Amino acid sequence: AAGGTGDPWGAALAELLTRVMSGEVAALARQYDPAAELFLPGAEIGCGPREAEAFWIGLRAAFPSARFEIEQALGTEAPLAPPRACLRWRLIGRHDGQGAFGTPSDAPVDILGMTHAEFGPEGLRREWTLYDAPGVWVQILRATGAY
């Protein structure tokens with residue numbers, strides 16, 4: 001089995017999420033399988049590129065000036081298994097937009113997230129994204145004095 005750092009599947013997923021977090025949300029419709037399964041923070045389950053767009057736009061909208069960084073990208077291919085990739089990413093900045101975390105508070109945030117994906121003939125067919133949403137709320141509430 002090939003894989004690891006520098007694998008083309010990890011690089012492809014890193015490029016896709018970097019483009020999306022830079023505002024090129026249309027990349028999701030081009031790169032996701034129309035029936036892609038999504039497993040998102042808060043035990044949310046979704047299907048397809050439109051629901052992926054809603055998730056990623058909601059996250060980015062809450063932190064529009066935050067810096068998005070890929071910390072690690074891995075990928076692998078193995079016999080009888082779909083190509084897979086995983087990323088560790090970080091969103092660092094301020095809660096300065098209306099989005100998934102309500103009214104902007106200007107609180108400093110540091111969000112560490114991970115995204116795993118499987119690819120198929122129609123594109124990305126399964127995505128698992130996780131970050132500590134309660135931990136983000138704590139950062140916001142502490143900065144505003146509400147916690």
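Is Glu69 buried, partly exposed or exposed? Glu69 counts as partly exposed, at 26% relative accessibility. Here, buried means under 20% relative accessible area, exposed means over 50%, and partly exposed is in between (1.4 Å probe, protein chains only).

A note before the views: this is a predicted model, in which local features need pLDDT of at least 70, side-chain atom pairs count only at pLDDT 80 or more, and totals for chains, interfaces and linings use all residues. Residues are numbered from 1 along each chain as its sequence is written, and side-chain values use heavy atoms, with hydrogens and water left out.

**View 1**
Glu69 is found in strand β4. Helices (H or I, at least four residues) and strands (E, at least two) are DSSP runs, numbered from the N terminus. Skip the neighbours within four places in sequence, and Glu69 is in contact with Arg88, Trp89, Arg90 and Ile92; contact means heavy atoms within 4.5 Å. The Glu69 side chain also makes a polar contact with the side chain of Arg67, at 2.5 Å. A polar contact is a pair of N or O atoms within 3.5 Å; within protein, one must be able to donate a hydrogen and the other to accept it, and residues adjacent in sequence count only if both atoms are side-chain atoms. Now look for Asp96: from Glu69 it is 27 residues away in sequence and 18 Å away in space, C-alpha to C-alpha.

**View 1. The largest nonpolar core.**
A nonpolar core is a set of buried Ala, Val, Leu, Ile, Met, Phe, Trp, Tyr and Cys residues joined through side-chain atoms within 4.5 Å. The largest one here has 36 residues, and the members touching the most others are Tyr32, Trp56, Leu59, Phe63, Trp89 and Leu91. Helix α1 (residues 8–21) gives this core its largest share, six residues. Zoom in on Phe63: apart from neighbours within four places in sequence, the contacts of Phe63 include Leu91, Phe101, Val109, Ile111 and Val136.

**View 2. Salt bridges, one pair at a time.**
A salt bridge is a side-chain nitrogen of Lys or Arg within 4 Å of a carboxyl oxygen of Asp or Glu. That rule gives a count of 10 salt bridges. In one of them, Arg126 meets Glu37 through their side chains, 2.6 Å from N to O. Arg126 sits in strand β7 (residues 123–131) and Glu37 in strand β2 (residues 32–40), so this pair ties together parts that are 89 residues apart in sequence. Both ends are partly exposed: Arg126 has a relative accessible area of 27%, and Glu37 has 33%. Another salt bridge joins Glu71 and Arg90, with the closest N and O atoms 3.3 Å apart. This pair links distant parts of the chain, as Glu71 is in strand β4 (residues 67–77) and Arg90 is in strand β5 (residues 84–94), 19 residues apart.

Glu71 is partly exposed, with a relative accessible area of 33%. Within it, the side chains of Arg30 and Glu24 meet at 2.7 Å, N to O. Arg30 counts as exposed at 52% relative accessibility, while Glu24 counts as partly exposed at 32%.

**View 3. Strands β5, β6 and β7 side by side.**
Two strands pair if DSSP finds at least two bridges between them. β5 and strand β6 (residues 108–120) pair in the antiparallel sense over 11 bridges. β6 and β7 also run antiparallel, joined by eight bridges, and a hairpin connects them through two residues. Then move on to Trp128 in β7, the bridge partner of His116.

**View 4. Two cysteines and no disulfides.**
Cys47 is partly exposed, with a relative accessible area of 43%. Cys86 counts as partly exposed too, at 21% relative accessibility. Searching the whole structure turns up zero disulfides, where a disulfide is a pair of cysteine sulfur atoms within 2.5 Å.

**View 5. Two loop residues with positive phi.**
Ala43 is not a glycine, yet it has a positive phi of about 60 degrees. You'll find Ala43 in the loop between β2 and β3 (44–47), where it counts as exposed at 71% relative accessibility. Leu80, also not a glycine, has a positive phi of about 65 degrees. Leu80 lies in the loop between β4 and β5 and counts as exposed, at 93% relative accessibility.
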